[in-house]
Amino acid sequence: TIIDVGCGEGYTGRCLKSMGAYKVVGVDVSDKMVECARNASVKDSGQYHLVGDALELKKVIVENSARINMMLGAKFDVGVFELAVSIQLFSDMTISDMNKSFVQIYSLLKPGGHFIFAVPHPSQFHHVNGQEETTGYFTLRDKVISGRMKTVRGKDIESRVYFKVFEDYTNAIKATGF
């Protein structure tokens, strides 16, 4: 059983299901993205999509346990997911919020569970609009950087990220207990 934190339109969850995942529970703060994910998923396929905040994952799972066909019981305190994935979510959060969401994710994983996440390389945002940022790489921490990115289908879209360096991610991982 997998939780996809910041699932967006459900692409990662659909890929995981096609590779044999038993159940994928996607959570995203955007009701529009969750609606897209639900529409793109095969009904009764073991894919579930919930509107919820990554800072309140446990609450979201508890409140929707019947909807996602999960009996939580006493095992909930020791985790219910074998794997947590998150693609591009943490670049949309402050460092403080990322740390809080890591705690939520960790608390939902079974002992020995795994957490896989992907974020843009920090150096990608050191150059803004083709110009090197003059304030310096490390002083950009937790500042919003605006730019453009391409979707999986190649569409160019505007984006914004909270800049982080590798140390911000490794500190969060260590502090959480992963």
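Helices (H or I, at least four residues) and strands (E, at least two) are DSSP runs, numbered from the N terminus. With that in hand, let's open the tour.

This is a predicted model, in which local features need pLDDT of at least 70 and side-chain atom pairs count only at pLDDT 80 or more, while totals for chains, interfaces and linings use all residues. Residues are numbered from 1 along each chain as its sequence is written, and side-chain values use heavy atoms, with hydrogens and water left out.

**Stop 1: the whole chain.** Colour by secondary structure and you will find five helices and nine strands. Followed along the sequence, they run β-α-β-α-β-α-β-α-β-β-β-β-β-α. Of the 178 residues, 41% count as buried; buried here means under 20% relative accessible area, exposed means over 50%, and partly exposed lies in between (1.4 Å probe, protein chains only). Contacts are heavy atoms within 4.5 Å. Among those between residues at least 6 apart in sequence, 59% join residues at least 24 apart.

**Stop 2: the open sheet.** Select β1 to β5. These five strands form an open sheet in the order β3-β2-β1-β4-β5, with parallel pairing; two strands pair if DSSP finds at least two bridges between them. At the edges sit β3 (47–51) and β5 (109–118), each of which pairs on one side only. Neighbouring strands are turned by 20° against each other on average, direction ignored. For such angles, axes are lines fitted to C-alpha atoms, for helices over the stretch in contact, and values run from 0 to 180 degrees between N-to-C directions.

Now zoom in on β1 (residues 2–5) and β4 (residues 81–87), which pair in the parallel sense over three bridges. Show Ile2 and you will see Leu83 of β4 opposite.

**Stop 3: helix α4.** Select residues 95–108. The 14 residues of α4 should span 20 Å at 1.5 Å a residue, and the end C-alpha atoms are 20 Å apart, which agrees; the expected span is 1.5 Å times one less than the number of residues. Show side chains for the buried residues of α4: Ile95, Met98, Ser101, Phe102, Gln104, Ile105 and Leu108. Their cover includes β1, α3 (57–63), β4, β5 and α5 (166–176).

Glu56 belongs to the loop between β3 and α3, and its 39% relative accessibility is why Glu56 counts as partly exposed.

**Stop 4: two loop residues with positive phi.** Go to Gln88, in the loop between β4 and α4. Its phi is near 70°, a positive value in a residue other than glycine. Gln88 counts as partly exposed, because its relative accessibility is 28%. Then jump to Asp142, in the loop between β7 (131–132) and β8 (144–150). Asp142 is not a glycine, yet has a positive phi of about 65°. With 31% relative accessibility, Asp142 counts as partly exposed.
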